[in-house]
Amino acid sequence: MNNLLQTLVERRGDLVTALWQHLGISLAALVIAMIIAIPLAIWAVRRAKLAEALLQLTSVLQTIPSLALLGLLIPLVGIGTVPAVIALVIYALLPIFQNTYLGIAEIDPSIEEAADAFGMSRLRKLFKVELPIALPQIIAGIRTALVLIIGTATLAALIGAGGLGTFIMLGIDRNDTSLLLIGAISSALLAIILSALVRWFQTAKPRHALIVFGLIVVLLGGGGAYSAYADRTETITIAGKLGSEPDILINMYKELIEADDSHVKVTLKPNFGKTTFLYSALRNDQIDIYPEFTGSVLETLVKGDSPKEMTAEQTYRLAKKRLAQQAQLTLLAPMKYNNTYALAVTEKFKQQHHLKTISDLTQVESLLRPGMTLEFIDRDDGLKGLKQAYHLDVTAKSMEPALRYEAISQGRINLVDAYATDSELRQYNLALLQDDQRFFPTYQGAPLMKTSFVNKHPQIVKALNQLAGKISETDMQEMNYQVNAKKQSAATVARRYLIKHGLLKGGH
Amino acid sequence: MATAIEFQHVKKAFNGKTVILDLNLKIKQGEFFVLVGTSGSGKTTSLKMINRLESLTAGKILVNDQDSSQIPVRTLRWDMGYVLQQIALFPTMTVAQNIAVIPEMKGTTKKEISATIDELLNEVGLDPKVYRDRMPSELSGGEQQRIGILRALAAQPSIVLMDEPFSALDPLSRQQLQDLVLRLHERYHNTIVFVTHDMNEALKLGHRIGIMRTGELLQVDTPQQIAQHPANEFVREFFGASLAQNVYDIYLGRVGLVQGYLPTAPTVAAERIQTVDYQDTLRTGFSALASHDYLAVNESGQLQGYLDRQTVMTYLSEHEND
């Protein structure tokens, strides 16, 4: 509980931002769904067969798993707020359409007859008679849709739209229950409060309802206008993958760029997604820069076989060349540390079985209970290739990154994949096994951006190049440890490093 | 008297099935006309063709000498009140808002509408202060239909159509509302076309009655003519079927209607004559005739005619023997 409060206090700024994003996405989706579904239902009332078909269609739409729907939308509309809102609108259609349609269609026919017999026009009948009678049911549909939207909107974080889902995803990623709870509870509270507000709208005096509705519109509109205004200065968007290390790196980028040119404003999108997701975001101009690793470029992002056993320098040159040729992207000069894949065991296990290298594992093969990330298990430069290169025959359980450290410290597994700079190596007292066959490629981090961006912003490139050849593996491990275990903010840790190493003047 | 509504060779078919064969009928301005018939006789369909809720398959209907199909449908309906069996007050509107529906559409000023609402509510014995802002769900069935009638009258239409308006009400409310409709008609002189399946109601309300069966108009006449000279066996039976269950409950107006009143006023002392209302029953009639020689039957304060013991006995032996 203390932990929860502490996290809440530390993160209150983020929480407000996330709440605002969540509210914005949800309400936008709700309003759009209402604009589509209510007129459609009114139009369908006198066309029973068509209405039946539309009801079927909206029910089918609702059965599509939300995650799959988001995935389907990425190639069509990219990532960020747009696909998130589209997906939410699709889910909200059914309850609103169904309730509006049934609410009007089930009105006592004699009342319809009376309205006709008194010479009411179609519109007058709709607004004076039909909608007021159907209103309670329509409002019920809107409330159902609202609760559904707010719950599902937590998934928006997966495609970079932000919102309270960021807390939940980060919580899972870092195995931090406090973050997870904050995300989940806030989203539940938001649903309850808004649902109550909608119910109040139904019973409130029209004048009061109008005032409150106006206020909400002004508030959200004002927020939008403000961000549009803020956008007038040159804004660079830098995103990072999930985890503390990219978060620290992009904070360094921000500091360096803004220190160099005060007219440039940098927006950070930390924990934005996984490798291919960021890559497509960059190519679709949704972000301008993100830190990428040389090894990942060759393995996942560009075409072409890579020779084995390249040096770090060779790896960088090849990655840079292929990115430029195939995607018109530029990978700036990398930092010093090599955040390659590695295998780790507990210090105790290592000494017990006299392990030094990965080759040594073959001798204890029957004792091994590996738990590894799904990504590692599935990659050619991960477990698949490793098993061939070292003639190892093991089957790994797939686990979330943060969970596998927990599992090894509790002894449920005894072999994990790791990144060389993971703070948990230090936290859980784990030992890396030496890659004696030089199987793992080099993974050096460097800022990736479009070549056109490089040409337009030489200042920024210059600022970012200050990091080339800096930051050792132990530096990075330490910084990760400060963020993950010591709960310091990535911004603070990044800034401290830059000042300590003379890249940034302190005190402002 | 000018004609308010005229049916000219009107036919109506639903899905190829003819329900009105060839309807010809003139309804006079200011007349209280009742269409009576069993279910399926086409009486409601005929009524709904007047305000074009039902279309005509052939023929035409003249409203105030104008072909109704040539009048814009809303203009036509704004000048035609409509009262439904299901009452169908708009449930989300107050009593006052319900009454104001048509005047509002016609652009009557708020002040004028408000005054009309108060006047009408007073007219039907509902205190405007109490009832104006009530919702329909807070009213009894009888009260609801009062509002239903006021809603139809609010825009002072020249014609009011009533589709079995009292069928769903309890006998007491029904009787009160029948009296109310008669009173309102006397006051506003609109043309009323009233549909019912209840012969007694028809006899009580109508200046003239049209009896329908399976899409045909069998007889159009005054209550007296229908009672005394039914056009055919069906009309006679339909009229007979409207008998009271108990001979004591037969009302005196019916005796006069069927048997006919005495041709001349009796020349006896005034104390030998007892004045009764046409709605009083034979129960009252018998005790009156025990001490008096004649009954003077009044309807709404107007003398209808005289009955003596012989007339009553003849009526009973000839008409109420089965």
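Hi everyone. When I say that two residues touch, I mean that they have heavy atoms within 4.5 Å of each other. One more thing before we start: what you see above is a predicted model.

Let's begin with Phe90(B). Leaving out residues up to four places away in sequence, what does Phe90(B) touch? In chain A, Phe90(B) touches Ile111(A), Ala114(A), Ala115(A), Phe118(A), Met120(A) and Val129(A). In chain B, the list is Asn98(B), Val101(B), Pro136(B) and Arg151(B).

Phe90(B) also belongs to the largest nonpolar core, which has 122 residues. Together with Ile5(B), Phe90(B) has the most contacts inside that core. And which helix gives the most to this core? That would be helix α5 of chain A, residues 81–105, with 14 residues. Apart from this core lies another one, of 63 residues, and among them are Phe32(B), Leu139(B), Ile211(B) and Val276(B).

Now please find helix α8 of chain B, residues 171–188. This helix has 18 residues and reaches 25 Å from its first C-alpha to its last, close to the 26 Å expected. Its buried residues are Ser173(B), Leu177(B), Gln178(B), Leu180(B), Val181(B), Leu184(B) and His185(B). They cover an arc of only 165° around the axis, so they sit on the same side of α8(B). As a reminder, an α-helix has 3.6 residues a turn, so residues three or four places apart point the same way.

What do those buried residues of α8(B) pack against? In chain B, the partners are the strands β3 (32–37), β7 (159–163) and β8 (191–196), along with the helices α5 (110–123), α7 (141–153) and α9 (199–205). The face turned away from the buried side carries the exposed residues Pro171(B), Leu172(B) and Glu186(B). After α8(B) comes His189(B), with a positive phi near 55°.

Over to chain A, and strand β5, residues 341–346. Here 5 of the 6 residues are buried. β5(A) pairs in the antiparallel sense with β8(A), residues 415–419, over 4 bridges. β5(A) also pairs in the antiparallel sense with β9(A), residues 430–433, again over 4 bridges.

Last stop, Leu374(A), in helix α16 of chain A. Is Leu374(A) buried or exposed? Leu374(A) counts as exposed, because its relative accessibility is 58% and the cut-off for exposed is over 50%. Even so, Leu374(A) touches Ser398(A) and Met399(A). The C-alpha atoms of Leu374(A) and Lys397(A) are separated by 8.4 Å, with the two residues 23 apart along the chain.

Note on methods. Residues numbered from 1 in each chain as written. Chains lettered and ligands numbered in written order. Predicted model: local features only at pLDDT ≥ 70, side-chain atom pairs only at ≥ 80, totals over all residues. Heavy atoms only, no water. Buried < 20%, exposed > 50% of the residue type's maximum accessible area, 1.4 Å probe, protein only. Helix = DSSP H or I, 4+ residues; strand = E, 2+ residues; numbered from the N terminus. Pairing = 2+ DSSP bridges. Core = buried A, V, L, I, M, F, W, Y, C linked by side-chain atoms within 4.5 Å. Expected span 1.5 Å × (residues − 1). Arc of directions from axis to C-beta.
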